[in-house]
Amino acid sequence: MKASRIGATVVAGLLALGLAACGSDDSGNTSGEGGEGGDYTVGVANFTLGGPYFNGMDTAIRAQAEERGVEAISTDANGDAAKLASDVEDLISRGVDAVIISGGPLESAPAVLNSLDAAGIPVVLVDRQFQTGEYTSWLGPDNERIGVQDGEFIAEYLPDGGKVGVIKGGPADNSIGLARTEGFLSVIGADPRFEVVEAPDFGGWGSDGGLTVMENLLASHPDLVAVFCENDAMCLGAQRAIENAGLSDQIVLAGVDGQLEALEAIAAGSNYVVTGLNSADEIGRLGLDRALDILEGEDVEKDTVVDSPQITQENAQEHIDRLNEITSGS
């Protein structure tokens with residue numbers, strides 16, 4: 001089935017809702033008591049909360065549960081697929097009505113999906129769309145399109161072309177990262193003005209990894225004019241390495257996610273020039289709403305693509321203001 005798309009108007013409305021403060025641990029936490037959503041309990045099975053994006057997703061789901069007046073039970077598998085499966089079994093035993101899975105870098109979780117199917121419990125995937133197994137519904141970004149957007153911006157921003165570096169998060173089969181890079185390369189790699197060099201090591205999706213990979217990349221290719229990173233965290237690390245090398249006036253950066261620090265760098269007119277929004281808050285809140293729609297018997301879409309607008313200096317402050325509004329409501 002072709003994925004449908006949620007537009008910016010809906011997204012803006014979701015962003016206007018403030019996040020409610022609530023804690024998290026891997027033994028399971030609850031938020032929300034009675035109210036609009038009925039007497040539902042929604043499990044939130046996180047493959048990992050080891051990064052700001054996935055923490056933000058979990059927080060958004062639980063905040064929306066509180067807004068809707070339902071109970072949410074959150075777990076953290078700490079990056080262990082077997083632990084994720086046992087977490088889901090525990091959620092089933094606790095009588096949850098639906099489960100939202102934030103799969104992080106996990107490509108598939110057949111045991112998890114099979115258990116939920118056998119128990120007759122609907123499952124909503126947020127951000128990560130598993131490559132195998134049956135799920136009830138998925139909401140997430142068009143990662144390839146985000147890469148295309150970045151590529152189009154860089155192609156226009158650098159009319160003289162030059163050498164462009166690519167920093168991947170890893171591992172090699174990570175479909176989200178692959179889609180982003182493939183989208184970027186479909187533009188830049190096909191343009192004869194540009195030469196592409198991919199970093200030989202993975203950045204691990206973190207700032208420190210991006211810093212190290214960028215330092216190594218500059219040792220071999222000091223003549224780079226741009227760098228594309230599969231997420232903003234790695235690009236922020238790469239930006240530090242470029243600054244340390246005294247090359248900030250030579251090399252521009254393009255990332256993905258819309259992380260606050262990246263938006264601030266873009267708004268300030270630094271060499272971080274573009275990113276694509278992949279909002280954990282928007283997707284998390286939509287995921288909770290989707291789970292409740294299913295429980296209420298509504299006919300929901302199988303796959304929903306959440307729009308990922310391009311963010312440049314022209315509109316970065318607008319997105320910063322929205323993120324600050326969310327934070328101030330927590």
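**A close look at helix α7**

Tutor: Let's start inside α7, where Gly210, Leu211, Val213, Met214, Leu217 and Leu218 are buried. Keep in mind that this is a predicted model. The helix itself covers residues 207-220, so to speak a run of 14 residues, going by how helices are assigned here. From its first C-alpha to its last, α7 reaches 20 Å, close to the 20 Å expected at 1.5 Å a residue. And what do the buried residues of α7 pack against? They meet β8, β10 (224-229) and α8 (232-244).

Is Lys163 buried or exposed? Lys163 has a relative accessible area of 13%, and it counts as buried because the cut-off for that is under 20%. Leaving out residues up to four places away in sequence, Lys163 touches Glu195, Val197, His221, Asp223, Leu224, Val225 and Ala226. Two of those names, Leu224 and Val225, fall within the 224-229 stretch of β10.

Now for charged pairs elsewhere in the model. Side chains of opposite charge can pair when their charged atoms come close. The structure holds 15 salt bridges, and here are a few of them. Glu107 and Arg128 meet through their side chains, 2.7 Å from N to O. Glu107 sits in the loop between β5 (98-102) and α4 (110-119), while Arg128 sits in the loop between β6 (123-126) and β7 (137-140), so this pair ties together parts that are 21 residues apart in sequence. Both partners are tucked away: Glu107 is buried at 14% relative accessible area, and Arg128 is buried at 1%.

Other salt bridges involve partly exposed residues. Arg94 pairs with Asp90, their closest N and O atoms being 3.7 Å apart; Arg94 is partly exposed at 38% relative accessibility, and Asp90 is partly exposed at 33%. Arg145 likewise forms a salt bridge with Glu152, with 3.5 Å between the closest N and O atoms. There, Arg145 counts as partly exposed at 35%, and Glu152 is partly exposed at 39%.

Notes
Residues are numbered from 1 along each chain as its sequence is written. This is a predicted model: local features need pLDDT of at least 70, side-chain atom pairs count only at pLDDT 80 or more; totals for chains, interfaces and linings use all residues. Side-chain values use heavy atoms; hydrogens and water are left out. Buried means under 20% relative accessible area, exposed over 50%, partly exposed in between (1.4 Å probe, protein chains only). Contact means heavy atoms within 4.5 Å. Helices (H or I, at least four residues) and strands (E, at least two) are DSSP runs, numbered from the N terminus. The expected span of a helix is 1.5 Å times one less than its number of residues. A salt bridge is a side-chain nitrogen of Lys or Arg within 4 Å of a carboxyl oxygen of Asp or Glu.
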